[in-house]
Amino acid sequence: MIDNSSEKIYKGSLAKKFTVIFSVFILLFLVFSAAMLYILQSEIYEYVIDFQKYKVTEEAERINDFTKDIIIDLKSFYVLKEDVLNNDFSLTTTHIYQLFLVNKSIDAVKIISPAGDELLAVSRVGITPKKQLGSVKDAQYFQQAKNDIIFYGEPRLEGKNVYADIAVPYFENFNLTAVVWARINFSPFFSELTSEITFNEGHLHILDKNGIVLSALDINLIGFDSSKMVLFEELKNKKEVFGIECRPCVEEHEFDIIASAKRVDAEQEFILALESDEKKVFELYYQFRNIAIMGFVVFIVFSGIFIFIIRLRTQKYLKILVEGVRKIHEGKYGEKIVLETGDELEYFAEHLNHFSSDLEQKIGKLREVDIIKYNFIKAVSHQLRTPISSMMWLTEALMGQMAGKFTSEQNDIFRDIYKANKNISQIINDMILMADVDDDKIVLEKSTANCDDIIGSVMFEVQEQSRQKNISINYKKPENPLPLCEGDVKKIKFILYRLLDNAVKYSEEGKDIAITVKVSNEGITFIIQDFGIGIPKDEQPRIFIKFYRATSAYKMVQDASGLSLYICKYFAELHGGKIWFESKEGEGSTFYFFLPALSTNKISKTD
């Protein structure tokens with residue numbers, strides 16, 4: 001043990017040498033700050049996208065409402081059949097002028113008869129003389145409107161103004177009375193929309209479905225074809241896109257933008273595009289980031305110089321300590337660490353030397369205990385094996401009626417005694433194997449193993465148990481004979497027997513078991529699948545631990561050691577193979593045992 005009364009008081013301070021730890025924390029702070037900058041940038045970006053999404057959606061709704069209001073206004077006055085027949089539109093003309101006052105976007109209105117003749121044409125300039133009126137019966141808007149379908153014309157540019165035609169049918173007693181055509185000027189409304197977006201928020205552009213700019217804050221951009229721009233390309237076959245980083249959709253500037261676009265549900269198929277200048281959005285962020293980067297660089301340079309100096313002073317002593325720990329790890333407990341630094345490192349070295357000395361003594365005692373335990377288990381197991389074997393032999397003799405005939409009830413008792421003795425014998429054998437495994441005394445007796453014969457032998461050994469539980473063991477042999485593999489035949493047989501025995505043991509009556517074999521160039525994989533109780537998911541990681549048994553297994557079979565899978569895993573790894581499984585509680589388990597092929601005889605792959 002360490003003698004605390006003899007501890008020295010050191011003049012130095014290890015804290016000074018490990019100021020680097022403080023520097024690491026500072027660096028972590030810098031990393032954290034950089035992460036915060038990144039998060040801040042992301043938050044700004046997300047805010048811009050959310051704003052754009054909200055704004056274009058809101059403006060799209062306003063355009064839809066605008067179109068709906070126009071239809072409502074056009075339907076707000078009635079064209080009477082008597083007025084059409086008498087060609088008297090004085091009252092209708094008054095209504096139209098009132099409509100011009102109510103809705104400034106309606107530029108002109110025509111009244112058309114059911115036959116397609118223009119009866120009245122009124123614009124904000126005045127009334128068109130009757131001699132200038134004609135027939136529009138072949139016009140698309142008339143043909144559509146007379147079939148009780150409101151006509152929405154595509155928007156068109158006339159100078160800097162955006163116009164679109166709308167035709168509304170009027171019916172009286174289910175008969176077409178007239179068709180009202182109106183020319184709508186969208187420019188005042190669009191100008192109102194585009195001017196509401198501030199310069200810092202971005203620029204709102206309204207396009208037609210072909211990408212032609214219909215309205216923009218800068219009137220010089222009206223008529224620009226943006227169909228080749230990135231934003232318009234992204235919108236193809238889509239209803240909306242948000243947060244696209246690209247060049248402006250209306251002209252080739254040397255700056256990047258964050259843009260969003262949405263197709264309006266209105267019949268005219270407008271497109272709203274909102275663009276925000278990335279430099280404007282992140283201007284304050286970039287200034288703060290540049291200052292922070294400069295500070296980070298200066299700090300890192302000075303921290304690096306300081307850390308390098310500290311590292312040179314501590315590297316030598318740390319190497320001595322590491323070498324001392326490595327020797328302890330290798331079991332060289334008697335070698336002392338010599339370190340004279342006058343600080344905590346020397347104090348640590350002395351304690352490490354005391355620890356090494358104590359560890360050497362304790363490990364020696366543990367080895368003695370292990371030897372006693374091993375000898376005890378071996379002795380007790382061997383002492384128990386002889387009487388158990390005698391009891392099994394005597395029971396077999398009684399079952400074979402060597403001592404006379406017995407009743408069926410007595411024979412059942414003998415069978416139960418024999419089964420219990422067999423279980424005890426297996427547990428004793430498992431204990432002996434466990435002791436040999438723990439003491440690394442297992443030696444492989446290698447020979448060439450015939451896998452077909454092993455499988456047949458194992459199936460024969462569990463035949464009685466499976467018959468009693470009405471379980472069929474189905475073995476599907478590969479088309480080609482199984483190849484030979486190098487290994488200890490007894491241990492390979494032990495593995496397969498225990499896996500198959502467990503499958504029978506933990507399956508309910510009438511549940512079949514399947515055995516399949518897969519062959520590859522690397523080796524053979526034996527697969528044993530049952531449809532029994534399965535293993536709970538939370539217990540599966542511990543299933544190969546010594547003495548561990550799943551709760552579901554313990555409820556079904558109490559007299560088991562919990563050692564078979566532990567020993568199987570050890571034997572498999574001793575052959576260079578492995579064991580693993582898949583299981584679902586209540587549905588069964590599938591265990592896999594991989595056995596490597598002969599190193600000098602690579603085998604051909606078969607199904």
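I looked up the second largest cavity and found that about 50 Å³ of space lies in it, a cavity being a set of points on a 1 Å grid over the protein atoms alone where a 1.4 Å probe fits but cannot get out, with points joined across faces, edges and corners and the volume taken as the space filled by probe spheres set on them. The model is predicted, so I note that local features need pLDDT of at least 70 and side-chain atom pairs pLDDT 80 or more, while totals for chains, interfaces and linings use all residues. Residues are numbered from 1 along each chain as its sequence is written, and side-chain values use heavy atoms, without hydrogens and water.

Next I listed the lining (residues with an atom within 4 Å of a point), which consists of Ile455, Val458, Leu496, Leu500, Ile515, Phe526 and Ile528. By class I found seven nonpolar residues there, no polar and no charged ones, where Ala, Val, Leu, Ile, Met, Phe, Trp, Tyr, Cys and Pro count as nonpolar, Asp, Glu, Lys and Arg as charged, and the others, Gly among them, as polar.

I then turned to Phe526, which touches, among others, Ile455, Leu496 and Phe593, with contact meaning heavy atoms within 4.5 Å and residues up to four places away in sequence not counted. Phe526 and Phe593 have the most contacts inside the largest nonpolar core, which has 51 residues; such a core is a set of buried (under 20% relative accessible area, 1.4 Å probe, protein chains only) Ala, Val, Leu, Ile, Met, Phe, Trp, Tyr and Cys residues joined through side-chain atoms within 4.5 Å. A second, separate core of 39 residues includes Val109 and Phe270.

Technical notes:
Buried < 20%, exposed > 50% of the residue type's maximum accessible area, 1.4 Å probe, protein only. 1 Å grid on protein atoms, 1.4 Å probe; cavity = no way out; pocket = protein on both sides within 12 Å on 5 of 7 lines; lining within 4 Å.
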